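Colleague: I'd like to go through this one with you, term by term. Can you show me what we're looking at?
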Amino acid sequence: MGSGESKQDERPSQSHLIEKPWRIQEFSVNVRDKRIDEIRKYQTVTELVEDPRILLIGQIGCGKSSFFNSVNSVFRGHVMRQATAGSGETSVSKLYRTYPVFDGKGTKRLPFILCDTMGLEGSSDEAGIHVDDIISVINGHVPDMYEFNPKAPINYRSKCYRENPCLADKVHCIVYVVEASKLSLISEVLLKKFKFIQSNVNNKGIPQLVMVTKIDEACMEVRNDLTKVYQSSYIYEKVTELAKVLGVPLSAISLVKNYAVDFELNLNMDVLILTALQQMLRAVDGCLDEMMQRSLTQEGSS
Ligand SMILES: Nc1nc2c(ncn2[C@@H]2O[C@H](COP(=O)(O)OP(=O)(O)O)[C@@H](O)[C@H]2O)c(=O)[nH]1
Ligand SMILES: [Mg+2]
């Protein structure tokens, strides 16, 4: 039952179950419906930003597009495929995309926007999106549908560069996305890129969360029963390790299984997806509070 050998990172590991879950989570219709209701009624703390932007950052294939589809699916009431998931390194994934989420069958949108960039590559400094581009996205300089060029990051001379972004154009929550089975395989290059983003963002008051995807692929017990996610010793070990290398508290990490191969919605998957999303929206509130505070003090001192 040992874990931690790199071989076991490639297939679900057999891990023992910790008796007491390290995070309390009820998996019930009641919890799911309550979360759905809360997210539907969500409102930001300021009318300057009606739809806060949540930016997902991670390697190609880590499950970003699948998360947008998952969130959409939960609110539509059936499994959806909107964002092109699993399409690999096509030109589609070079675009900066912002995904609104629709509530039910109508055209009513939920009050937030999920943002997707081209994948960060962990293989070399030159591959994938340039970290400078991610910083420009975070600061609101990049318009929707912009096509990234890994060799030439956007700058103030670029044609579509948004020079004076308003508060609503900026990113209000950053989510680093990592696959559960690759947690101990995070490359030095990827880690360096995450750290670079962190160091550029830390003084801006933008919250940074972590979402671990594909928990079904990491641990056999969890694959068989998602409600065991906080009892898997394997996942607990990997997640605490991740928190340590990224320098974030364990409470900043959400765990999900996305709708990838499924045809039908699943209550346990829904609860984890909604919980992750709710954490993001709570973080947004903290961010907007801080940004408003800062602009007030700036106005006061000028
Ligand atoms: N088993 C499993 N597969 C997943 C999960 N999330 C994503 N996938 C699969 O992983 C592949 C890459 O996902 P995708 O969303 O396209 O990643 P992206 O490049 O970050 O947008 C696809 O084949 C998905 O079906 C998950 O939670 N569990
Ligand atoms: Mg994608």
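Modeller: Let's begin with "buried": a residue counts as buried if 20 or more other C-beta atoms lie within 10 Å of its own, as exposed if 12 or fewer do, and as partly exposed in between, with C-beta atoms placed from the backbone. Of the chain's 302 residues, 42% count as buried. Mind that this is a predicted model: local features need pLDDT of at least 70 and side-chain atom pairs count only at pLDDT 80 or more, while totals for chains, interfaces and linings use all residues. Residues are numbered from 1 along each chain as its sequence is written, and chains are lettered from A and ligands numbered from 1 in the order in which they are written.

Colleague: Why is Arg97 called buried?

Modeller: Arg97 has 20 other C-beta atoms within 10 Å, so it is buried. Arg97 sits in strand S2 (residues 97–102); strands are DSSP runs of E, at least two residues, numbered from the N terminus, and helices are runs of H or I, at least four.

Colleague: What does Arg97 touch, leaving out residues up to four places away in sequence?

Modeller: Asp116 and Asp144, where contact means C-beta atoms, placed from the backbone, within 7 Å.

Colleague: What makes a set of residues a nonpolar core?

Modeller: They're buried Ala, Val, Leu, Ile, Met, Phe, Trp, Tyr and Cys residues joined through C-beta atoms within 7 Å. The largest has 75 residues, with Cys173 and Val175 making the most contacts inside it. Helix H8 (residues 267–301) gives the most to this core, 14 residues. Beyond four places in sequence, the contacts of Cys173 include Met280, Ala283, Val284 and Cys287.

Conventions:
Two residues are in contact if their C-beta atoms, placed from the backbone, lie within 7 Å.
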